Protein chains: 2
Amino acid sequence: MAEKVTIATVARHAQVSRQTVSNVLNAPHIVREETRRRVQEAISALGYRANQAARQMRTGRSRLIAVRIEPTRDGINGSVLDRFLHGLTETADAAGYRVMLYTARDDDQEIATYDDLLGAYDLDAFVLTGTKHGDPRTAWLAEREVPFVTFGRPWDALDGHPWVDVDGAAGTAQVTRHLLDGGHDRIAFLGWPTGSGVGDDRCAGWRTTMTAAGHDVAGLRRESEDGIAEGERALRDLLAHDAPPTAVVCASDSLALGALQAARDAAAPVAVVGFDDTPVAAAVGLSSVSQPLAAAAARCVDLLTTLLDGQPTDQQVLLTPTLVLRHTA
Amino acid sequence: MAEKVTIATVARHAQVSRQTVSNVLNAPHIVREETRRRVQEAISALGYRANQAARQMRTGRSRLIAVRIEPTRDGINGSVLDRFLHGLTETADAAGYRVMLYTARDDDQEIATYDDLLGAYDLDAFVLTGTKHGDPRTAWLAEREVPFVTFGRPWDALDGHPWVDVDGAAGTAQVTRHLLDGGHDRIAFLGWPTGSGVGDDRCAGWRTTMTAAGHDVAGLRRESEDGIAEGERALRDLLAHDAPPTAVVCASDSLALGALQAARDAAAPVAVVGFDDTPVAAAVGLSSVSQPLAAAAARCVDLLTTLLDGQPTDQQVLLTPTLVLRHTA
DNA sequence: GGGCACGATTAGATCGTTCAAAGTTTCTGG
DNA sequence: CCAGAAACTTTGAACGATCTAATCGTGCCC
């Protein structure tokens, strides 16, 4: 095969010094037009590519971003991460960064992995997904001044790091408004136990929209862990009352799927809307709130690159999801 | 923060030379017991981690494996990749490798990306998913002697590279046998147009099992592109005949989901079984053939590591999927 | 006791790039 | 025409590891 093409090969070919080639790549404006052109030609003629390892050793930057890939807990929500990862890889690529994966069973192990990745690969930044109250990971990273962005708001008020999130409340508000416009007035909400940031947020959109429209929400909310069976149970329970709801807004597609099964046996039709627009929703015709994952990923990369360019951003981005209407509402 | 800990720091701390520290890490047997212990202590006391970039520059190996993350075509099948990726990351990690992601719109772009990744990051190996007839990617890699493994058999007989795959025929055979045992005898198959390796393989399992059991398969096979609507149409067509099938084996969960909808309106109950055991299947209670993705990923890493250790393997691994029974069969 | 082999350890060069500083050419104005 | 500045280019060192080859003890045999 062809010899390894280094910066020296290019330099010789273009009859300039190594440093001039380096300047063409990293600071083109200081190189004379004609020299630059000659070097560029040599570069493409030889198919030269800067060796990252060598560059990294000198500059201390690896142009590598790490993301955790989770073990697909429920199975349904896995595809959210999947799409997010794809978007991240694509945008990072365009910005000249590469995405590296890692796994971890728990927070301690994840922090150990940070240490490892930073030490061995000199990672430039991390993208965290799914933050929770009092997250030890963000604290660890912040303390060491490692650049990172979270996809998901920090739910502790004091954390001041850049994040990107999808406005869950806006999503459920949109759903609720749509249902109200469609003539529904007894609209229930199936959510998770109070205390999870994401869950509370999604509930809030429903609650405020209902009360703003002058409707009482008492007795219209059920909470349970995430799951299909749980969703079914919750809606059956609601339907057993005197004045059963005619529509349900759900905090997840899993709950909505369960609700859908309960709705099938109901006396009167019940509209059901889920959250996350997972493939399952598309498959069974469930209306759902769709998160702009590609956009979210792109904004994460945006924030990281400005952060890595030295400007201490602590910007926050809140994206609005869209309601995808199918057969169920 | 703490200074950077290099091999020199460790050497000074343990009162030996750099090279001895390097030997403790890479060739422990040539270092005297007592010296080794002293160095090990210094390493853990200082929290030393070998800098990959420096190591890579000298050895030419990056301990990095690249995998493509696809844009989740159908949406339903996306989760297969998701689970595979997780397994891959986990096993690679254990073997001392890291997984890097990339995307590509088409084969040409993918090959350009190989070139880029190899040149810039000195990637050690690639894992390809979803091979097809006359795949230009494997040819390109083989020509340059870049180590790679495919998840999916090469469908051109002459390609002699290591691969891992799931025995689709064994999966559909198992399903067919199960249905025969359950008393069915008119069992149909919904598949993709002849010519796709994966599709033909899955069809074969059904066909051979049926004929081996003495059943005629004439008129019991329908083919279409993958999709829910396509599956529904295909089964409706089958049910319109004089002797409609009492069960359908499908080449994908998408087709099976469509079939399920057609089956709902049928005069007599029709058993339906899908393929891939996607979250959708679990959600709607569809029986399906489950691929051992974590195991497949692990075997991919196995093959790659032996390949990277210099032993020219061209081993092939065929894993047997399992049938997950739910409500629909 | 001298020579020799063998195991353990060390010194110096090297991988491909960028930084810092010094060198060279070209331009400008008096 | 020359000094001085500006624009451009080159040289040598450094990043942190491993490779090659050399050095230092130590034990063994004649």
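Mentor: Start with R202(B), whose charged end sits over the ring of F275(B), 3.7 Å from its centre. R63(B) also has its charged end over a ring, that of Y97(B), 4.4 Å from the centre. "Over" requires NZ of Lys or CZ of Arg within 6 Å of the ring centre and within 35 degrees of the ring normal.

This is a predicted model: local features need pLDDT of at least 70, side-chain atom pairs count only at pLDDT 80 or more, and totals for chains, interfaces and linings use all residues. Residues are numbered from 1 along each chain as its sequence is written, chains are lettered from A and ligands numbered from 1 in the order written, and side-chain values use heavy atoms, without hydrogens or water.

Now the ring pairs. Rings of Phe, Tyr and Trp (its six-membered ring) pair if their centres lie within 6.5 Å; planes under 30 degrees apart are stacked, over 60 edge-to-face, the rest tilted. Over all chains, the whole structure has twelve aromatic pairs. Y114(B) and W140(B) have ring centres 5.8 Å apart and planes at 45°, so this pair is tilted. It links distant parts of the chain: Y114(B) lies in helix α6 (residues 107–121) and W140(B) in helix α7 (residues 136–143), 26 residues apart. Helices (H or I, at least four residues) and strands (E, at least two) are DSSP runs, numbered from the N terminus. Y114(B) counts as buried because its relative accessibility is 0%. W140(B), at 13%, is buried too. F189(B) and W206(B) are stacked, because their centres are 5.4 Å apart and their planes at 25°. This pair joins strand β6 (residues 187–191) of chain B to helix α9 (residues 197–212), with its partners 17 residues apart. F189(B) and W206(B) are both buried. Buried means under 20% relative accessible area, exposed over 50%, partly exposed in between (1.4 Å probe, protein chains only). In chain A, Y102(A), Y114(A), F126(A) and W140(A) form one aromatic cluster.

Next, DNA strand D. Of the 27 residues around it, T35(A), I7(B), Q19(B), S22(B) and N26(B) come nearest. Near means a heavy atom within 4 Å. A phosphate oxygen lies 2.3 Å from a polar backbone atom of I7(B). Another contact puts a phosphate oxygen 3.1 Å from a polar backbone atom of N51(B). R58(B) has a side-chain N or O atom 2.8 Å from a base oxygen. α4(B) gives the most to this surface, five residues.

Note on methods: A polar contact is a pair of N or O atoms within 3.5 Å; within protein, one must be able to donate a hydrogen and the other to accept it, and residues adjacent in sequence count only if both atoms are side-chain atoms.
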